[in-house]
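These are my notebook entries on one protein model. I set down what I looked up, entry by entry.

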Amino acid sequence: MTGFAKLIRTTAFRLTLVYLLLFALFAASLLAYFAWNTRRLITEQISTTVSAEISEVTDIYTRRGLRGLVFTIENRALRPGANLYLVTTPTGQAIAGNVGSLAPGVMGSAGWSETFYRRLDDPRDENHRALVYVTQLSSGFRLLIGRDLEERRRMFRVIAEAAQWSMLVVVVLGIAGGIFVARRVLHRIDAMTGTTQRIMAGDLSGRLPVGRSGDELDRLAENLNAMLERIEALMTGLKEVSDNIAHDLKTPLTRLRNRAEEALAKSRSEAEYRSALERTIEESDGLIRTFNALLMIARAESGQARGGMADFDAAEVAFGIHELYEPLAEDDGMTLQVKTASTPLHGNRELISQALANLVENAIKYGKPVAVPLGTEAAATAREILIEARRDGEQVVLSVTDHGPGIPEADRKHAIERFVRLEASRTMPGSGLGLSLASAVATLHGGELRLGDAHPGLTATLLLPASADAGARLAAQTQDVPQKAA
């Protein structure tokens with residue numbers, strides 16, 4: 001397809017032609033109305049002039065009789081101009097005036113009429129058009145007074161020619177403007193098409209060009225770029241998750257195989273086989289927990305869990321987590337405290353409970369104080385973990401605070417990525433998905449996970465919108481949970 005063919009088939013060019021047709025029709029209607037009103041005005045002026053002259057001549061006939069009328073008409077007929085005069089006998093014979101001939105029947109009917117005529121003093125002997133008024137006098141004589149309509153015809157011709165040239169200029173400028181607009185739009189569309197083709201070829205970093213005009217194409221490009229950024233983030237996350245799964249799950253799977261192989265090779269008794277199977281089941285449970293966490297993160301990030309939203313009391317969730325993890329905390333020498341009041345919240349109770357449970361597990365696992373003598377009051381305070389649920393304006397705050405070594409500020413953003421385990425926690429069992437799941441749950445609800453300093457220790461806080469409307473609005477604006485590159 002040639003460039004011109006592409007140009008005339010664009011929507012912009014077609015719309016320009018439609019608007020050009022509408023504007024041309026409007027302009028033609030306006031000019032026609034102007035011409036009609038001009039014609040009517042000229043006709044009215046002629047009628048007024050002829051009517052005044054008829055009154056004057058009729059008065060002369062009344063005062064001076066037929067002789068005076070004929071004398072007056074002869075004198076006026078000799079004057080140069082467009083006025084017409086004619087006096088005829090009852091039999092129709094002309095006795096005075098400057099009209100040589102008329103259309104048949106004109107003198108036979110009194111009143112106004114438009115007719116063709118020929119002047120006596122016209123050397124070309126051409127037909128002209130005039131507006132005349134015929135008056136029947138006493139004794140059967142008739143008087144015709146009128147005016148040539150050449151002036152009206154010339155005026156109408158001037159307007160018609162002006163209209164023709166105006167329409168031509170409108171059409172030319174309209175087509176030129178349509179081509180200019182279509183080329184400009186086509187250039188931008190071609191740029192967008194080129195970018196989309198690169199993206200379809202696999203280059204997800206391509207972005208649509210955005211101008212400075214802020215028009216609808218710029219707004220469309222901005223929204224598409226935002227969509228592309230989200231798609232790129234999801235695709236990058238998918239690749240990184242696949243890489244991380246292959247990297248981080250290879251070790252436990254290898255251990256499973258080695259233990260099974262070792263049991264087959266070395267075990268000699270039922271007790272040894274049973275011990276090997278128990279270790280294999282324990283390792284399998286850890287793998288299942290990892291996969292469950294990944295599935296839960298995927299559900300949260302994809303928005304599939306929004307269907308389970310309901311109103312509930314965040315305080316009940318906090319008390320339930322406290323009751324569930326208090327024995328585990330005591331076994332590790334920690335004290336679990338809860339501080340909350342009635343805190344209504346709209347969200348997915350299961351996911352929020354799981355996120356808060358992950359934060360408590362991390363606090364129990366990694367929140368043990370460093371270099372604090374046992375048996376002292378400071379040691380008792382340092383081993384406390386506080387679960388808090390409260391309302392802060394339009395947000396619900398769910399936080400877990402410990403007094404352990406904490407997370408350096410430079411590592412906090414990195415700590416919420418999948419499969420990330422900081423140096424201090426590499427010797428502890430875990431998959432590195434706890435904070436990532438909590439962050440994904442917060443993002444699903446339109447909130448966020450914040451990691452702060454407890455001086456000493458770490459405060460992990462879930463900030464969640466209290467109302468459903470605010471949650472849906474903020475959830476649509478939140479970014480994807482960052483992923484760890486393998």
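This is a predicted model: local features need pLDDT of at least 70, side-chain atom pairs count only at pLDDT 80 or more; totals for chains, interfaces and linings use all residues.

**Entry 1**

Asp332 belongs to the loop between helix H7 (314-331) and strand S8 (335-340), and Lys368 to the loop between helix H8 (349-366) and helix H9 (377-382), so the pair ties together parts that are 36 residues apart in sequence. I then asked how accessible the partners are. Asp332 counts as partly exposed because its relative accessibility is 32%. Lys368 is also partly exposed, with a relative accessible area of 28%.

**Entry 1. Salt bridges within helices**

How many salt bridges does a search of the whole structure find? I noted 14. Side chains of opposite charge can pair when their charged atoms come close.

I examined Arg153 and Glu150, whose closest N and O atoms are 2.4 Å apart in a salt bridge. Both residues lie in helix H3 (residues 150-200), three residues apart, which is about one turn of the helix. An α-helix has 3.6 residues a turn, so residues three or four places apart point the same way. I recorded Arg153 as partly exposed, at a relative accessible area of 42%, and Glu150 as partly exposed, at 24%.

I next took Arg274 and Glu278, another salt bridge, in which the closest N and O atoms are 3.5 Å apart. Helix H6 (residues 270-302) holds both Arg274 and Glu278, four residues apart, again about one turn of the helix. Is Arg274 buried or exposed? With a relative accessible area of 57%, Arg274 is exposed; the cut-off for that class is over 50%. Glu278, at 45% relative accessibility, counts as partly exposed.

I also noted a network of salt bridges that links Glu53, Glu56 and Arg76.

**Entry 2. Aromatic rings**

Trp112 lies in strand S4 (residues 111-119) and Tyr133 in strand S5 (residues 128-136), so the pair ties together parts that are 21 residues apart in sequence. I list Trp112 as partly exposed, since its relative accessibility is 37%, and Tyr133 as partly exposed at 25%.

Which ring lies under the charged end of Arg129? I found that this charged end sits over the ring of Phe116, 4.9 Å from the ring centre.

**Entry 3. Leu137**

I placed Leu137 in the loop between S5 and strand S6 (142-148). Leu137 counts as buried because its relative accessibility is 9%, and the cut-off is under 20%. I set aside its neighbours within four places in sequence and found Leu137 in contact with Tyr61, Leu69, Arg142 and Leu143. I also compared positions along the chain and in space: Leu137 and Thr88 are 49 residues apart in sequence and 9.9 Å apart from C-alpha to C-alpha.

**Entry 4. A nonpolar surface patch**

I looked for nonpolar side chains on the surface and noted a patch formed by Leu15, Val18, Tyr19, Leu21, Leu22 and Leu25. Together these residues have about 620 Å² of accessible area. One of them, Tyr19, lies in helix H2 (residues 11-77). Tyr19 counts as exposed, because its relative accessibility is 58%.

**Entry 5. Helix H11**

How many residues of helix H11 (residues 434-444) are buried? I counted eleven of its eleven residues, and the helix is mostly covered. The buried residues include Gly434, Leu437, Val441 and Leu444. Just after H11, I noted that Gly446 takes a positive phi of about 80°.

**Entry 6. The protein as a whole**

I closed with totals. The protein has twelve helices and 13 strands. Of its 486 residues, 39% count as buried.

Key
Residues are numbered from 1 along each chain as its sequence is written. Side-chain values use heavy atoms; hydrogens and water are left out. Patches are made of residues with over 30% relative accessible area and no salt bridge: like charges are joined within 9 Å, nonpolar side chains (Val, Leu, Ile, Met, Phe, Trp, Tyr) within 5 Å. Accessible areas come from the Shrake-Rupley method with a 1.4 Å probe; for residues, only the protein chains shown count as cover. A salt bridge is a side-chain nitrogen of Lys or Arg within 4 Å of a carboxyl oxygen of Asp or Glu. Helices (H or I, at least four residues) and strands (E, at least two) are DSSP runs, numbered from the N terminus. Buried means under 20% relative accessible area, exposed over 50%, partly exposed in between (1.4 Å probe, protein chains only). A charge sits over a ring if NZ of Lys or CZ of Arg is within 6 Å of the ring centre and within 35 degrees of the ring normal. Contact means heavy atoms within 4.5 Å.
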